[in-house]
Structure formats: C-alpha cells, structure tokens
Amino acid sequence: MTLEQEIQRRKTFGIISHPDAGKTTLTEKLLLFGGAIQTAGAVKSNKIDMHARSDWMDIEKQRGISVATSVMGFEYKDLKINILDTPGHQDFAEDTYRTLTAVDSVIMVIDCVKGVEVQTEKLMEVCRMRNTPVLCFINKLDREGRDPFELLDEIEDKLDIRVRPLSWPVGMGKGFRGVYNLYENNLNLFEPGKTKKTEDVIEIKGVDDPSLEKYLPDSAMGQLREDIELVEGVYDPFEVETYLNGTTAPVFFGSAVNNFGVRELLDCFIQIAPNPKPRETEEREIKPLEDRFSGFIFKIHANMDPRHRNRIAFVRVCSGKFQRGSNYYHVRQDKTFRFSNATAFMAQQKETIDQAFPGDIVGLYDTGNLKIGDTLSEGEKGLYKGIPSFSPELFKEVINLDAMKAKQLEKGLLQLMDEGVAQLFSYEMGVRKVVGTVGALQFEVLQHRLQHEYGARVKFDPVNIYKACWIHANDDEKLDAFVKDKYRHIARDKEGKLVFMAESKAWLQMVQENFPEIEFHFISEF
Ligand code: G4P
C-alpha cells in the first residue's frame with residue numbers, strides 16, 4: 001500500500017465525556033464492532049475508584065491499566081481506527097488536554113439524564129482551540145432522560161457549537177423503541193436485553209414510508225413523524241464541511257450498554273471523520289503525505305517499578321513513515337537517537353511494530369531523554385506546536401526537607417515535570433519553587449515518587465496563588481518595566497517562559513487595568 005493509501009484509511013480520534021456518561025462502554029462496543037475484542041467486559045475502565053483507594057499507589061495501579069487502554073487500534077471495513085482514551089478522573093484533566101492534541105477528531109459522550117456536565121464544557125473548550133471536529137453521542141436512552149430537543153438546545157448553549165441530529169430516538173426509557181437513522185434513512189429497533197446486530201436494520205424510504213406502520217405502534221410512529229418534521233424544520237441540512245471545520249456537531253442517540261445506536265454512529269463516523277491532518281511546526285505546516293517521518297510526544301507513562309525506570313513515550317506520527325530501528329532527530333536536544341524498541345497498540349495489547357503511518361500512535365521506551373511536547377523528525381528542525389500548558393488550579397511551594405539531597409530533588413522535579421505530572425514555576429527572586437496541579441492527588445504522587453525514585457524528601461506548603469498567567473507585550477521595554485515592578489510575583493515555567501503569579505482574581509483585574517499593554521494568558525501558547 002502507498003503512503004497515501006495508508007493515510008486515507010486512518011482515523012484517529014479521542015472519546016471524551018464527563019465521568020460516568022458511558023465512555024468506557026462505548027469504546028468497548030466500538031471494539032466489538034471492529035472485531036477487536038470478542039466479549040463484553042474486556043475493556044477495563046480507567047476510571048479511578050476514589051472510594052476503594054487506600055493510598056495513591058492504588059490509584060496509580062488503577063491508572064496503570066490505562067497504559068494498555070490508552071490507545072486502541074483496530075481494523076473496521078478496511079480502515080485503521082485509532083481510539084485514544086482519556087482519563088476519567090478530573091485530577092488528570094491535563095492528560096486529557098494533551099491527548100486531544102494528538103487526535104484528528106473527537107466523539108463526545110453525553111448522558112441523556114444529566115445533559116452537559118462541567119467536565120464536558122472544559123473539554124469542549126480545548127476542542128475549540130484547535131477547531132477539532134466533534135461528534136456527539138447522547139447515551140442511556142433506555143433511561144428516562146430529558147427531552148431530546150432540550151438536550152440539543154443545551155449542547156448548543158453550553159458548548160457553543162451548532163448541532164445537527166443524524167439519528168433520532170423513538171421513545172425513551174421504558175418506551176424506548178429504537179433509533180431512526182437520519183443519515184441513511186433507516187430504522188433500527190430496540191429489543192431490551194438483546195444485543196443488536198447490523199443485520200437487524202430495517203430499510204425504509206423515509207419516515208413517510210407506509211411500511212413503518214408494520215414496526216411501530218401508531219402513537220410512536222406519530223411522534224416520530226412529528227419529531228422528524230421539527231428536526232428538518234429547525235436544523236440546517238447536514239454539511240460535512242461544517243463538521244470538519246468544528247462549527248457543527250452531528251448528534252447521535254443510543255444506548256451504549258445495549259449496543260444500540262452505536263452502529264449508526266460508527267458507520268457515519270468512518271465516512272465523515274477526517275483523516276490525519278497537516279500540522280503546524282514553529283517553521284511551517286507539515287503534511288502527512290510528506291516523505292520524511294515526523295511526530296511529537298503527547299504523553300509519557302512512567303513505569304512505577306523503581307527497579308525498571310523506563311518509561312513509555314507516546315508519539316503521534318504526523319508525516320512520512322516511522323520505521324523501527326531507524327535513527328531519528330530529537331529537535332530539542334539537537335541529537336539523533338536510534339529507536340529500536342517501538343510498540344503499537346492494537347485493541348488491548350501492545351505489540352512490537354516495524355512501521356507506522358500518520359495518524360498512528362507509537363510507544364517508545366525511553367530512559368529519560370524524551371519529554372512531553374518533544375518533536376522527532378528525519379532532520380527537520382521545527383518543533384510541533386500545540387501542546388500548551390494551562391494554568392493549574394492548585395499551587396504549593398516545594399520545601400526541601402533534606403539539604404543534602406538538593407541535587408536529587410532538582411533532577412526528580414525536572415523529570416517528573418517532563419512526564420507532565422505537574423507544573424513547576426521557579427521564582428525570579430530567590431530560589432522559591434512552586435508546583436501547580438489540576439487536582440490534589442498530584443501532590444501525593446509527587447511527594448511519594450520524589451522520595452522513592454530520587455531519594456528526595458519534600459513537603460508542600462500552602463501559597464496564596466489564584467492563577468499562573470503567561471505574560472507577553474509587543475513592546476519589550478514595557479514588559480521589562482512590568483517585570484521589574486512586579487518582580488516578587490514573577491516566575492518562569494519549565495520552558496523559561498515568563499509567568500505572573502496572580503494572587504487573586506480581583507488583584508489580577510486591577511493589575512490588568514494598570515498595565516493595559518501587557519497580555520495575561522491562562523495558557524502557555526497563545
Ligand atoms: P465512563 O467511562 O464515561 O466513566 O462510563 P462507563 O462506560 O464506565 O459507564 C458508567 C455507567 O453507566 C456504568 O454503570 C455503565 O454500565 C452505565 N452505562 C453505560 N451505557 C449505558 C446505557 O446506555 N444505559 C444505561 N442504563 N447505563 C449505561 P456502572 O453501574 O457504573 O458500572 P457497571 O457495573 O454497570 O459496569
């Protein structure tokens with residue numbers, strides 16, 4: 001197969017949702033359709049069970065499961081589908097944001113009882129930053145949920161995206177009878193307790209087809225016809241272009257656990273979802289079809305066993321062909337490395353691979369040379385853009401409890417930051433170091449790992465910081481003047497970028513008013 005054919009048959013996407021909406025269940029059903037797994041229950045949830053935890057190591061063990069399930073490749077109808085799973089627990093939200101940089105599109109699962117939840121809104125913001133195409137799956141139609149039109153309005157309102165239903169539920173909860181496929185104009189009837197197969201689809205010629213009467217009672221049929229008329233009246237006809245540019249989200253209804261409405265979703269997805277797209281480096285846009293390999297690292301998973309300190313770096317292939325055993329150029333370090341140990345992720349397993357194509361995710365064993373955001377290439381120097389850091393939510397000062405171990409602490413902190421466990425801010429004045437995280441869990445993780453892997457004992461003291469703001473000004477003198485004025489609150493992130501550590505929202509607003517020529521960003525790339 002040519003490189004172009006390989007690219008054309010690849011679809012790489014992420015599944016995201018608020019915890020419990022049904023992400024794991026849907027992933028499993030997609031794998032079942034693809035024949036990648038044979039039995040239900042094979043996909044382990046990477047959800048973290050907070051009630052069962054006794055300490056964070058348990059959580060890490062639970063999280064370890066997610067290495068196997070964090071990328072799942074399978075073949076479906078001659079296509080190579082790569083699903084990137086995202087951690088359910090919100091303390092690991094940063095992981096999810098980074099994973100979204102490695103996908104070409106997203107399927108968002110929404111619970112029909114709960115509607116759009118907080119985590120869904122945050123994830124959508126990240127999708128919007130890169131105009132990632134989003135497809136919605138409204139799940140759990142076997143439960144008494146909210147009115148479908150109301151749910152669609154809520155998606156438009158809260159997620160700030162236009163919607164276009166491509167399937168429609170016939171009833172809901174106890175009265176759930178099936179989904180009408182607006183994309184293909186056919187009907188799939190639901191039989192509770194049974195797993196539907198693709199052959200069961202009833203081909204009909206639109207909702208006015210009289211044969212519909214054979215399958216649905218009068219009341220359900222009347223309601224469906226009324227609903228469809230309203231759908232066609234209210235929503236613009238579906239145009240793939242508006243989906244691909246991220247302005248419209250096609251919406252499907254179903255029940256993942258009953259395997260219902262999933263085929264409609266998957267079969268439409270493979271037709272409309274984008275193939276691997278070109279990506280920007282600092283120097284130029286690189287197209288997947290280019291001969292020379294390039295890719296970037298979006299995730300690093302550490303081996304928790306201190307005797308085996310190797311880690312797996314997840315590389316998204318962006319152009320050319322990756323070949324195991326080849327020498328590739330590490331742009332940040334300006335060095336060439338040979339990668340003889342490369343892994344692909346197929347369904348539930350890792351397996352050694354010899355080559356990979358744009359859209360694929362390759363796992364590289366690493367002993368500390370790679371970090372999140374790194375670019376590998378066949379000589380090209382530009383770094384891939386687009387793995388920004390977001391301002392953390394919680395901040396604490398690192399206090400070294402063992403002066404003899406300052407070097408180990410420094411090394412440990414830097415390596416753990418490279419893995420993306422947390423963010424480090426070093427103050428310009430003095431030696432103060434502040435760590436920022438999304439959730440409280442990461443402080444436990446850091447403390448434990450610093451001690452057990454690097455022999456450095458630390459504690460974390462509270463500090464009064466509201467947000468880390470990356471600062472910029474078009475006029476360097478103005479920026480210098482600001483930094484001088486606020487030097488006590490100026491730090492650098494791990495890339496050396498200037499950050500203003502704002503103590504409160506009100507104070508930040510005041511500073512912004514006083515220094516109108518300075519830009520304050522809650523994100524490191526702008
Ligand atoms: P997540 O990965 O998004 O966190 O969600 P997950 O798939 O683990 O699903 C959360 C719960 O919702 C699970 O129940 C799952 O069985 C249930 N679920 C998923 N899809 C549907 C659906 O279409 N209808 C209904 N009624 N429930 C659904 P659980 O009790 O937490 O776990 P389990 O013991 O059933 O596995």
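Is Gly496 buried, partly exposed or exposed? Select Gly496: at 30% relative accessibility, the residue counts as partly exposed. Here buried means under 20% relative accessible area and exposed over 50%, with partly exposed in between, using a 1.4 Å probe and protein chains only.

Before going further, a word on what you're looking at. This is a predicted model, where local features need pLDDT of at least 70, side-chain atom pairs count only at pLDDT 80 or more, and totals for chains, interfaces and linings use all residues. Residues are numbered from 1 along each chain as its sequence is written, and side-chain values use heavy atoms, with hydrogens and water left out.

**Stop one: around Gly496**

Gly496 sits in the loop between β29 and β30. Helices (H or I, at least four residues) and strands (E, at least two) are DSSP runs, numbered from the N terminus.

Strand β29 (residues 490-492) and strand β30 (residues 498-502) run antiparallel and are joined by three bridges. Click on Ala491 and look across to β30, where Val499 is its bridge partner. Two strands count as paired if DSSP finds at least two bridges between them.

Lys486 is buried, with a relative accessible area of 15%. Show its side chain together with that of Asp485, and you'll find a polar contact of 2.9 Å between them. (A polar contact is a pair of N or O atoms within 3.5 Å; within protein, one must be able to donate a hydrogen and the other to accept it, and residues adjacent in sequence count only if both atoms are side-chain atoms.)

**Stop two: the sheet as a whole**

Zoom out to see eight strands in an open sheet, ordered β27-β24-β26-β25-β29-β30-β28-β31, with antiparallel pairing. At the edges stand β27 (458-462) and β31 (519-521); each has a single partner strand, so one side of each is left without a neighbour in the sheet.

**Stop three: another open sheet**

Select β7 to β10. These four strands form an open sheet in the order β7-β8-β9-β10, and the pairing is antiparallel. β7 (167-170) pairs with strand β8 (residues 178-181) over four bridges, and Gly178 in β8 is the bridge partner of Val170.

**Stop four: β15 and β22**

Now highlight strand β22 (residues 361-366), where five of the six residues are buried. β22 pairs in the antiparallel sense with strand β15 (residues 311-319) over six bridges. Find Arg311, and opposite it in β22 you'll see Asp366.

**Last stop: the ligand**

Which residues come nearest to the ligand? Of the 17 residues around the ligand, they are Asp20, Lys23, Thr24, Thr25 and Ser255; a residue belongs here if one of its heavy atoms lies within 4 Å. Helix α2 (residues 23-33) gives the most to this shell, with three residues.

For Lys140, a polar side-chain atom lies 3.1 Å from a ligand oxygen atom.
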